[in-house]
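Keep the sequence and the structure at hand while reading.

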Amino acid sequence: MFVDEVVKDFIQGRSPCGVIKERKEIARCTVSAWVNQYGQMCFTPRQVSGALRLRTGNRWGGVLLLDGKYLNRNLVLLLAVDCFTLDIVSWLVTQRETVADYLKLVASVEDCGYAIGALVSDGHPASTALTRESKPAFVHKYTRTYPRPGITPAVTKIPRLHGVPHQLCLVHAERELATLVSKLPKKNQKKLLRICHLVLFAGNLKQALKRRRKLAAISAFLPPSHQVCSEWISDHWEALT
């Protein structure tokens, strides 16, 4: 029962490895071994879908949440969860979060009969590449962006889920904002994060824009170190909305 509880806490996100290690005095490698042991005994996503007849009858809403949970430094559990029912539609254990691994996960999700209508993720480059064209890591200054004579231009790859709406997870966004202001005075942290929360969880786009302008106006009179929240939201506005 104790092992069952630890694995369940980790998989459902109630307790990360660090918290489990502190509260239950269990090493990360032990938690990883238990999760792997349970994973080997589980049905595959396709077998689960077939056993429960999910292709013909389910309550899935079509909004898929993608996330990666690190079992240890060299092992990550990729999860595909339906946002409405919180059902784990599919999963994949791999060494790191890569585009190829997320492509395998999406293929497995569709193989289970899931119709992907929209995506929600933590904004990892590997998951955003599913719906958006990847940008080059860097561009040399003064270099021509068009192909040189005699060189065949590179073929533009269309993303696997091109045209599918993709939003940044608001919970992950709040965590990122909290990290950005972690070194500011507590009073200023609370003030900025409270306004950011109102922006992220606004009832509609018009209200969100109004609160975003308020955040920018307040930040304009603060030192540069206090403007990181406003700048981050502006940079990620398309992904947030």
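Which residues does Gln167 touch, not counting residues up to four places away in sequence? They are Leu119, Val120, Ser121, Ala239 and Leu240. Contact here means heavy atoms within 4.5 Å.

## Ground rules

This is a predicted model: local features need pLDDT of at least 70, side-chain atom pairs count only at pLDDT 80 or more, and totals for chains, interfaces and linings use all residues. Residues are numbered from 1 along each chain as its sequence is written, and side-chain values use heavy atoms, with hydrogens and water left out.

## The chain as a whole

The protein chain has 11 helices and 5 strands. Both are DSSP runs, numbered from the N terminus: helices are H or I with at least four residues, strands are E with at least two. Among contacts with a separation of 6 or more, 58% join residues 24 or more positions apart.

The chain counts 241 residues, and 34% of them are buried. Buried means under 20% relative accessible area, exposed means over 50%, and partly exposed lies in between (1.4 Å probe, protein chains only). The accessible surface comes to about 15,800 Å². Carbon and sulfur atoms hold 56% of that surface. These areas come from the Shrake-Rupley method with a 1.4 Å probe; for residues, only the protein chains shown count as cover.

## Around Gln167

Gln167 sits in strand S5, residues 166–168. It counts as partly exposed because its relative accessibility is 31%. A polar atom of its side chain lies 3.5 Å from the backbone oxygen of Leu240. Asp122 is 45 residues away from Gln167 in sequence. In space, their C-alpha atoms are 8.7 Å apart.

## Around Ser127

Ser127 belongs to helix H6, residues 125–128. It is buried because its relative accessible area is 1%. Leaving aside neighbours within four places in sequence, Ser127 is in contact with Tyr102, Ser121, Asp122 and His166.

One of these partners, Ser121, makes a side-chain to side-chain polar contact with Ser127 at 3.3 Å. A polar contact is a pair of N or O atoms within 3.5 Å; within protein, one must be able to donate a hydrogen and the other to accept it, and residues adjacent in sequence count only if both atoms are side-chain atoms. The Ser127 side chain also reaches the backbone oxygen of His124, at 2.8 Å.

## Rings

How many aromatic pairs does a search of the whole structure find? It finds 1. Trp60 and Tyr114 form this pair, 5.2 Å centre to centre with 45° between the planes, and it is tilted. The pair links distant parts of the chain, 54 residues apart. Trp60 is in the loop between helix H4 (45–51) and strand S1 (63–72). Tyr114 is in the loop between helix H5 (99–111) and strand S4 (118–121). Both residues are buried.

Rings of Phe, Tyr and Trp (its six-membered ring) pair if their centres lie within 6.5 Å; planes under 30 degrees apart count as stacked, over 60 as edge-to-face and the rest as tilted.

A charge meets a ring elsewhere: the charged end of Arg212 sits over the ring of Trp237, 4.6 Å from its centre. The test asks that NZ of Lys or CZ of Arg be within 6 Å of the ring centre and within 35 degrees of the ring normal.

## Cysteines

The whole structure holds 0 disulfides, a disulfide being a pair of cysteine sulfur atoms within 2.5 Å. Cys83 is partly exposed, at 32% relative accessibility. Cys169 is buried, with a relative accessible area of 12%.

Leu86 lies in the loop between strand S2 (75–82) and strand S3 (88–94). It has a positive phi of about 65° although it is not a glycine. Its relative accessibility is 64%, so Leu86 counts as exposed.

Asn204 is in the loop between helix H8 (186–200) and helix H9 (205–220). It is partly exposed at 46%. A polar atom of its side chain lies 3.3 Å from the backbone nitrogen of Lys206.

Gln37 is found in helix H3, residues 28–41. It is partly exposed at 43% relative accessibility. Gln37 and Val7 are 30 residues apart in sequence and 10.0 Å apart in space, C-alpha to C-alpha.
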